[in-house]
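Please look through the sequence and the model below, and then follow the paragraphs that come after them.

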Amino acid sequence: MSRPRLLSGMQPTHDSLHLGNYLGAQVNWVRMQEDFEAYFCVVDQHALTVGPDPADLRQRTRVTAAQYIAGGVDPQRSAVFVQSHVPEHSQLAWVLNCLAGFGEAARMTQFKDKSAKGGQDAATVGLFTYPMLMAADILLYNTEAVPVGEDQRQHLELTRDLAQRFNARYGDTFVVPRAHIPAETAKVMSLAEPTAKMSKSAENQSGNLMMLDTTKANTKKVKSAVTDTDNDVRWDPEAKPGIANLLRIHSALSGESIEALVERFAGENKYGALKGEVAEQVAVVQAPFKERVDDLLADPAELDAHLARGAERAREVAGATLARVYDAVGFVPLGR
């Protein structure tokens with residue numbers, strides 16, 4: 001019996017993933033390999049919207065792929081590949097560009113926010129059409145489930161609309177995907193601004209625990225985490241967001257319940273002890289992760305071989321989907 005398909009990916013825009021990426025996405029990816037035929041893509045074409053240096057993009061693409069594998073994604077079981085290695089992504093995106101309305105693309109929150117910050121003259125056409133490329137990423141694989149956070153939910157809704165619109169106009173071609181929200185996903189906030197998510201794009205990077213940083217650097221960040229002044233460890237996300245964030249991180253890494261942690265750290269002047277244990281838990285996970293990444297990057301030929309095999313698997317599915325799409329819209333097939 002075939003398993004439902006799942007697709008997810010990250011942009012290679014930084015030198016390291018952060019703990020929020022690891023706990024919010026990768027831990028769940030590893031679990032989902034059991035139940036889904038999974039495709040995990042390094043979305044390097046999306047990364048072009050921020051104008052990266054070419055050498056940085058090339059290196060970060062490999063580093064991001066290595067982190068997928070180091071985090072537990074099995075390239076023998078799941079397809080791990082680079083978006084630009086599968087040209088069908090761009091080819092389908094053009095068809096979807098011709099199906100999407102200008103108004104609905106302009107209403108996408110990320111485009112509105114980024115163009116408002118830099119001005120419309122600084123916003124690229126690629127940023128405007130980003131959601132259609134994302135839709136192509138998903139629809140190429142007859143994807144049934146897409147792990148998404150709140151910031152991508154609007155893009156997934158557009159993907160669903162485009163799939164339904166295409167099916168209504170050209171016949172049943174695409175699987176209409178659904179959001180897959182794992183029941184237990186750690187919500188990791190910035191250590192410097194505990195009311196904001198830990199984010200690679202945050203202006204203040206001092207609140208991010210980077211998976212490829214040194215243990216010393218991350219320990220320093222944990223011990224400098226913003227809390228409050230009453231020195232009372234209790235679960236109150238509204239009044240004590242910094243403490244709530246440390247408790248979430250500890251619980252997600254150690255498996256100890258938040259209730260048990262609160263009871264154990266009850267009493268005054270326990271902030272230092274809580275921060276010390278959180279730093280230890282981060283190190284326990286981070287150290288083997290970083291070691292595995294270093295091993296993979298030390299053998300780039302083997303890493304590239306994993307990505308080539310993943311792209312080959314991806315193209316088998318993507319090529320068949322694109323052929324159906326091209327036939328449906330009326331393109332003349334290439335003669336042989």
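**Helix packing, cores and ring pairs**

Helix H3 (residues 54–70) packs against helix H13 (residues 300–329) at an angle of about 80°, and their axes are 11 Å apart; the axes are lines fitted to C-alpha atoms, for helices over the stretch in contact, with angles running from 0 to 180 degrees between N-to-C directions. H3 is therefore roughly perpendicular to H13, a term for angles of 65 to 115 degrees. On the side of H3 the contact (heavy atoms within 4.5 Å) is made by Arg-62, Ala-65, Ala-66 and Ile-69, and on the side of H13 by Leu-303, Asp-304, His-306 and Leu-307. Sorted by class, the contact of H3 with H13 has 5 nonpolar, 1 polar and 2 charged residues, where Ala, Val, Leu, Ile, Met, Phe, Trp, Tyr, Cys and Pro count as nonpolar, Asp, Glu, Lys and Arg as charged, and the others, Gly among them, as polar.

This is a predicted model, in which local features need pLDDT of at least 70 and side-chain atom pairs count only at pLDDT 80 or more, while totals for chains, interfaces and linings use all residues. Residues are numbered from 1 along each chain as its sequence is written, and side-chain values use heavy atoms, with hydrogens and water left out. Helices (H or I, at least four residues) and strands (E, at least two) are DSSP runs, numbered from the N terminus.

In soluble globular proteins, nonpolar side chains tend to be buried together. A nonpolar core is a set of buried Ala, Val, Leu, Ile, Met, Phe, Trp, Tyr and Cys residues joined through side-chain atoms within 4.5 Å, and buried means under 20% relative accessible area, with exposed over 50% and partly exposed in between (1.4 Å probe, protein chains only). The largest such core here has 42 residues, and Tyr-39, Phe-81, Leu-92 and Phe-174 are among those with the most contacts inside it. The elements that give two or more residues to this core are S2, S3, H4, H7, helix H8 (150–170) and H13, and its largest share, 10 residues, comes from H7. Leaving aside residues up to four places away in sequence, Leu-92 touches Ala-136, Leu-139, Leu-140, Phe-174, Leu-322 and Val-325. A second, separate core of 33 residues includes Val-188, Leu-253, Ile-258 and Leu-274.

The structure also holds 9 aromatic pairs, that is, rings of Phe, Tyr and Trp (its six-membered ring) whose centres lie within 6.5 Å, with planes under 30 degrees apart counting as stacked, over 60 as edge-to-face and the rest as tilted. The rings of Tyr-22 and Phe-289 are edge-to-face, because their planes stand at 80°, with the centres 5.9 Å apart. This pair links distant parts of the chain, since Tyr-22 lies in helix H1 (residues 19–32) and Phe-289 in helix H12 (residues 271–297), 267 residues apart. Tyr-22 is buried at 14% relative accessibility, and Phe-289 is buried at 3%. Trp-29 and Phe-40, by contrast, form a stacked pair, 4.6 Å centre to centre with 25° between the planes. Trp-29 lies in helix H1 and Phe-40 in strand S2 (residues 37–42), so this pair ties together parts that are 11 residues apart in sequence. Ring pairs link Trp-29, Phe-40 and Tyr-68 into a cluster.

Note on methods:
Parallel < 35°, antiparallel > 145°, perpendicular 65-115°, else oblique.
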